[in-house]
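Work through the exercises below with the sequence and the model in view. Each task is followed by a solution in steps.

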Amino acid sequence: MAHAMSDDQVAGELKKMTAFIRQEALEKAKEIHIKADEEFAIEKSKLVRQETSSIDSQYEKKFKQAGMSQQITRSTLANKTRLK
């Protein structure tokens, strides 16, 4: 036999349900926030690695160019000295 709930009982049940739904929503929002932070950290790390690699290769290229320039300068000076 189903008995009717009073207005106060209905209001109490609605409050419980609302509190439960609100708590679930807060937990889900927290999970989403944590996942977004993790994905951001992963992407940031990936970009940092890529840029570091790019900078390293640019440095290596410039270092080789400077070495070649020094060799050319030495060779030019040596040739000028021999021609005198």
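The radius of gyration used here is taken over C-alpha atoms, and the globule rule is 2.2 Å times the number of residues to the power 0.38. The model is predicted.

**Exercise 1.** Compare the radius of gyration of the protein with that of a compact globule of 84 residues.

Solution. Step 1: for 84 residues, a compact globule would have a radius of gyration near 12 Å. Step 2: the protein has 36 Å. Step 3: turn to the box filled by the C-alpha atoms, which is roughly 120 × 20 × 5 Å along the principal axes. Step 4: the secondary structure consists of 1 helix and 0 strands.

**Exercise 2.** What percentage of the 84 residues counts as buried? Then classify methionine 17 and tyrosine 59.

Solution. Step 1: buried means under 20% relative accessible area, exposed means over 50%, and partly exposed lies in between. Step 2: 0% of the residues count as buried. Step 3: methionine 17, found in helix α1 (residues 7–83), has a relative accessible area of 47%, so methionine 17 is partly exposed. Step 4: tyrosine 59 also lies in helix α1; its relative accessible area is 57%, so tyrosine 59 is exposed.

Note on methods
Residues are numbered from 1 along each chain as its sequence is written. This is a predicted model: local features need pLDDT of at least 70, side-chain atom pairs count only at pLDDT 80 or more; totals for chains, interfaces and linings use all residues. Side-chain values use heavy atoms; hydrogens and water are left out. Helices (H or I, at least four residues) and strands (E, at least two) are DSSP runs, numbered from the N terminus. Buried means under 20% relative accessible area, exposed over 50%, partly exposed in between (1.4 Å probe, protein chains only).
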